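Thank you for passing this one on. My comments follow as numbered points, beginning with the contacts between charged side chains and then turning to the strands.

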Amino acid sequence: MARKTGGYLYGICTNKDKDGDGNACPKCASKEVQQVRQGRDFVCSECGEPLMKTRAPKTFWEKYKIAVIGGAAVALVGGGIAVASLSGGGESTATGVDSLAVDTVKTDSPATDSVKADTAAGRKEPGQAKEPVKEEPEQAEPEKPVKPKEPKAPAPSNTLNLGYATYTGDIRNGQPHGNGTITYRRAHRIVETKEDMAAAGDYVVGQFRDGKLLMGTWYQKATGNQTIVKR
């Protein structure tokens, strides 16, 4: 069911044949999420057809929070490396002078030559500290896109047994009146004046008045198709 945010409902136009010429409504073609204030007609602002409820669009922070956090972490690490490089400049100069002084002292000791040979061959002296193992930084998993869920029937508030179907929703004078869902038990005509026939398992979510369907969305169980129906 659509998430209510700040007193608004959100929906997508499903009118694929706006003027009867096979051309879809522009807002249907672009899959634009439309915002409708609660209490107003939940219809497309372009073609006036009922909207299919969906989730509110994500905010900038919800879309890019991982990229923003990752960028800030990279900036902090880069700044730390720069500071370390600047602070260590003087020590490098002093070390270079000391090593030069040591290199001027030569010895022909066999023991010293053996140590140099072992070091050149890659062997370490006893007690020599091991080089630290570098750990690869963990990479954050990319956020998976959220697939819009099919709208579900409203929570049971009032239920009527119509024989050929079961109605759940608003009731007045013992008849469907208001917003509700009708689930068919057997094949039955959706609107008395039209030829659309619902099969067993199909259901219609829409608006009712004095027991009659004004308009809604017909969900077909066998094919998964969604069709706008109205009186």
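1. In this predicted model, the side chains of Glu-192 and Lys-212 form a salt bridge, with an N to O distance of 2.6 Å. Because Glu-192 sits in the loop between strand E7 (188–189) and strand E8 (197–198) whereas Lys-212 belongs to strand E10, this contact ties together parts of the chain that are 20 residues apart in sequence. As to solvent, Glu-192 is exposed at a relative accessible area of 57%, while Lys-212 is partly exposed, with a value of 32%.

2. A salt bridge also joins the side chains of Glu-195 and Arg-189, where the N to O distance is 3.7 Å. The cut-off for calling such a contact is 4 Å between the side-chain nitrogen and the carboxyl oxygen, so this pair falls within the limit. Glu-195 has a relative accessibility of 63% and counts as exposed, and Arg-189, with a relative accessible area of 34%, is partly exposed.

3. Asp-210 and Arg-172 make up another such pair, their closest N and O atoms lying 3.5 Å apart. The two residues come from distant parts of the chain, since Asp-210 is in the loop between strand E9 (203–209) and strand E10 (212–219) and Arg-172 is in strand E5, a separation of 38 residues. Asp-210 is partly exposed, with a relative accessible area of 42%, and Arg-172 is likewise classed as partly exposed, at 44%.

4. For the whole structure, the search finds 5 salt bridges, among them the pairs Glu-192 with Lys-212, Glu-195 with Arg-189 and Asp-210 with Arg-172.

5. Turning to the strands, 6 of them form an open sheet in the order E4-E5-E6-E9-E10-E11, with antiparallel pairing. At its edges are strand E4 (159–161) and strand E11 (226–230), each of which pairs on one side only. Neighbouring strands of the sheet are turned against each other by 20° on average, if direction is ignored.

Notes: Residues are numbered from 1 along each chain as its sequence is written. This is a predicted model: local features need pLDDT of at least 70, side-chain atom pairs count only at pLDDT 80 or more; totals for chains, interfaces and linings use all residues. Side-chain values use heavy atoms; hydrogens and water are left out. Two strands pair if DSSP finds at least two bridges between them. Helices (H or I, at least four residues) and strands (E, at least two) are DSSP runs, numbered from the N terminus. Axes are lines fitted to C-alpha atoms, for helices over the stretch in contact, and angles run from 0 to 180 degrees between N-to-C directions. Buried means under 20% relative accessible area, exposed over 50%, partly exposed in between (1.4 Å probe, protein chains only).
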